[in-house]
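User: I would like to learn how to read pockets and helix packing in a model. Please take me through the features one at a time.

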Amino acid sequence: MNKNTFFGWREVCGFAYIQTLKSKAMKITLVILCALALFALPVITMIGSATDKEEETNIKQAYIYSNESGLAEKFSSGFDGKYENVAVQAVDEKTKDEKIDELKKGKDIDYVVVLLTYDRNTESMNYGLEMRAVYGEDSKITSKDADNFAEYILKNKEKLILGSIDIDAEKKDSLLKEKNYELLSVDTNGNVENAKERLDGAEYWLTYIYLMIVMFAIIIAGSKVAELIVTEKTSKVMEYLLTSIKPLALLLGKVVGTLLIVFTILGALLVCFIGSLVINYSLSGGEGGFWPEIFTSIWDSEVLRGVTIANILISIVMVLLGFIFYGFIAGLAGATVSKIEELAEGLKLFTFTVIIGMYLVIALMTFSNMGDGMGTFDYVVYYLPFSSVFVVPIYLLLGKLSFQMGLISMLILAVSTVVVWLFVTKVFANVLYHNGNVMKFKEIVEVYKTNAKSGKSGGKNGK
């Protein structure tokens, strides 16, 4: 490839960025989005205040089993709030097994079984206190209700659990951690599943909001890349640019310029969102805090369990790679169009891949909430480049995926981006000079095969 292949891409990037910001459509869009972000939280607070109703629990009884003498008996008192009327009973191993077996009876069951396992050996890998909450999947108690009850115990662990353990006070806080907490469900067949593989309220909404933001951002960015190419292709601007700039430099400049536009919009929305927090705080007189009640009711301080520097870096890199990956596809799609009126048709392949990726993630979220987690389908969604950008970054931060899985997904996306780029280098120039009906994917592949055999990186001005 000619060493001057990318000469001028910065100028194209700057031109695309400035011209897009100056456009009337962009200004109107930015004003509308910023207004929505600025007043979103106060409006949600007002709606929540009008419809607020204290959530009750269907849990009437809690059976506590522990391998540590005296630990289960500690639960005989101390419950308060909406759990103050929950009857608590310490049980032996035999009764514990009987109660868990009864959970499969279903609808009339209104109790949970809490299992506490304490390992005093500081040299053991299992050292510490693990907690499991078991409920009936088809009983009166929902997974959210059982999860809230377990979280209540965790938040009051010093009073409810750790007070009965005879150890140094400084070590108590390290004994029971959220990562050692499991929520188990028993169905009518007696099958026991890990319900924590499912997405709870906060995890579901964070994943869904992330999915929507990234999806719309990629669609907007990709559509803008294609629109800029088609607009310049149908005018004399393209002819002028191609006299001094290579086609691939043109594509790279458009993709990066549009990516900067997206980040500018997201930056402006972030500023407005912070303003929305301040407005919401002011309107509530400081009593309601910065966040609406509907958010704080589902939020858990440990919801972002996977926030580490390494996971944050992988998430950022994956988002950037996702924009570039789809940007190249959108740029190639735009080059196949000769008239601006045919842009929607030309973008079918780009739009189709985005929607497929989005629906795969929605299916993953649905299956997770049904208790079907970490199967073959999950790995397909995590590693497929069309879908990974829509879920892996947020799942990493939620602690749903390990660092190793995130790294593998990022590397696959990086390799896929390089593959798409190599494909584009073989066909972009030829496609860019195409005039006539919108090229089909089969025709683009034929151009690639022809250029691959001849060792070319494109047609005119693309050698």
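User: How much space lies in the second largest pocket?

Analyst: First, the ground rules. This is a predicted model, in which local features need pLDDT of at least 70 and side-chain atom pairs count only at pLDDT 80 or more, while totals for chains, interfaces and linings use all residues. Residues are numbered from 1 along each chain as its sequence is written, and side-chain values use heavy atoms, with hydrogens and water left out. On a 1 Å grid over the protein atoms alone, a pocket is an open set of points where a 1.4 Å probe fits, with protein on both sides within 12 Å along at least five of seven lines. Points are joined across faces, edges and corners, and the volume is the space filled by probe spheres set on them. Here the second largest pocket holds about 410 Å³.

User: Which residues lie nearest the centre of the second largest pocket?

Analyst: Lining residues have an atom within 4 Å of a point. There are 20 of them, and I329, L332, L349, F441 and I444 lie nearest the centre. Elements giving two or more residues to this lining are α11 (309–335), α12 (343–346), α13 (348–369), α17 (403–432) and α18 (441–454). Helices here are DSSP runs (H or I, at least four residues), numbered from the N terminus.

User: How do the lining residues divide by class?

Analyst: Ala, Val, Leu, Ile, Met, Phe, Trp, Tyr, Cys and Pro count as nonpolar, Asp, Glu, Lys and Arg as charged, and the others, Gly among them, as polar. The lining has 14 nonpolar, 3 polar and 3 charged residues.

User: At what angle do α9 and α11 pack?

Analyst: Two packed helices are described by the angle between their axes and the distance between the axes. Axes are lines fitted to C-alpha atoms over the stretch in contact, and angles run from 0 to 180 degrees between N-to-C directions. For α9 (residues 247–283) and α11 the angle is about 130 degrees, with the axes 10 Å apart. α9 is therefore oblique to α11, since angles under 35 degrees count as roughly parallel, over 145 as roughly antiparallel, 65 to 115 as roughly perpendicular and the rest as oblique. Contact means heavy atoms within 4.5 Å; L251, L252, V255, L259, V262 and F263 of α9 make it with L320, F323, I324, G327, F328 and G331 of α11. That contact has 10 nonpolar, 2 polar and no charged residues.

User: Which residues of α14 and α17 meet?

Analyst: The axes of α14 (residues 376–383) and α17 come within 9 Å and cross at roughly 55 degrees. Y379, Y382 and Y383 of α14 meet M405, I408, S409 and I412 of α17.
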